[in-house]
Amino acid sequence: MGDTEKIKEIKLYLFDMDGTLYLGDRLYDFTPSLLEAIRKNGGKYMFMTNNSSKSVFDYIKKLDRLGIKAEYEDFITSSQATSYYLEKHHKNARLYVCGTESLKEELRRGGFTVTENLDEVDVIVMGFDTELTFKKLHDVSYMLLTRENIPYIATNPDYVCPTEFGSVPDCGSVCDMLYNVSKRRPLFIGKPEPLMPLLAMEKTGYTKEQTAVIGDRIYTDIKSGLNAGTLTILVLSGETTREILDTSPEKPHIVMESAKEILDIIK
């Protein structure tokens with residue numbers, strides 16, 4: 001069976017969102033029909049994103065504005081995966097969060113205390129911070145330089161976040177700034193690590209043979225699927241170009257101009 005034919009066997013579709021199903025605030029025309037076709041065929045889709053600037057409830061509201069109805073259970077985010085990791089490895093930790101209020105609320109919902117008292121911080125958590133201030137950079141720099149062994153975690157390694165006009169710096173770029181200060185790298189939780197697709201499969205009961213990861217970035221989306229053992233589909237509707245694909249050591253199983261080609265196969 002060729003890789004394209006394997007799409008017909010897929011039951012769980014793990015979609016990256018920005019650059020895959022929409023771009024910024026513009027929904028791709030094919031997205032509603034694609035999601036409807038998956039459900040009509042008895043499959044399930046989940047939205048899997050590294051963007052930790054928004055909570056799941058923020059994403060539900062955004063998709064609703066774009067015309068897509070979604071529920072909490074339809075998402076697997078780097079914020080959720082970070083909360084899951086912290087629960088396993090740093091239970092009851094007090095967190096300094098260099099992230100948005102939405103990320104802080106997501107972590108509080110997971111049972112964690114978020115504090116700005118640097119003397120009581122147990123773990124530093126970095127996110128895609130669209131509310132970034134120099135004070136946050138100062139605080140994290142101080143802790144990294146004065147507390148050599150403090151756990152240092154980041155929701156995602158993305159260097160940029162796509163927009164309608166190009167890109168803006170994402171979590172990975174800010175972590176690079178802090179590396180220049182401290183020579184420390186965080187432990188990254190989101191894609192390309194396999195935790196998010198593995199959590200999605202655990203929640204839904206589907207196997208890796210029944211699962212596909214679909215996204216527009218090789219170094220996060222595709223690598224995450226490859227690391228989790230799923231089918232991987234790269235779409236060229238976002239960040240990755242043919243030139244980037246040609247020079248990448250990691251290759252997806254399938255390359256498409258956009259996720260509309262999935263619709264053409266399964267409808």
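Predicted model: local features only at pLDDT ≥ 70, side-chain atom pairs only at ≥ 80, totals over all residues.
**Helix 6 and helix 7**

I started with who touches whom here: L137, V140, S141, L144 and L145 of helix 6 meet V174, M177, L178, V181 and S182 of helix 7, where contact means heavy atoms within 4.5 Å. Residues are numbered from 1 along each chain as its sequence is written, and side-chain values use heavy atoms, with hydrogens and water left out.

Axes here are lines fitted to C-alpha atoms, for helices over the stretch in contact, with angles from 0 to 180 degrees between N-to-C directions. The crossing is right-handed, meaning the near helix is turned clockwise from the far one by less than a right angle.

**Helix 4 and helix 5**

Next I checked helix 4 (residues 78-89) against helix 5 (residues 101-109): their axes come within 10 Å and cross at roughly 40°. That makes helix 4 oblique to helix 5. I found S79, Q80, T82, S83 and L86 on the helix 4 side of the contact, and L103, E106 and L107 on the helix 5 side. This crossing of helix 4 and helix 5 is right-handed.

**Strand 4**

I then went to strand 4 (residues 44-49), where five of the six residues are buried, i.e. under 20% relative accessible area with a 1.4 Å probe, protein chains only. Strand 1 (residues 12-15) runs parallel to strand 4, joined by four bridges; strands pair if DSSP finds at least two bridges between them. L14 has M46 of strand 4 as its bridge partner. Strand 5 (residues 75-77) also pairs with strand 4 in the parallel sense, over three bridges, and F47 is bridged to F75 there.

**T240**

Last stop: T240, in the loop between strand 14 (231-235) and helix 10 (242-247). Buried or exposed? T240 is buried, at 5% relative accessible area. Beyond its neighbours within four places in sequence, T240 contacts D216, R217, I218, L234 and L245. I noted 7.2 Å between the C-alpha atoms of T240 and I218, which sit 22 residues apart along the chain.

Conventions. Buried < 20%, exposed > 50% of the residue type's maximum accessible area, 1.4 Å probe, protein only. Helix = DSSP H or I, 4+ residues; strand = E, 2+ residues; numbered from the N terminus. Parallel < 35°, antiparallel > 145°, perpendicular 65-115°, else oblique.
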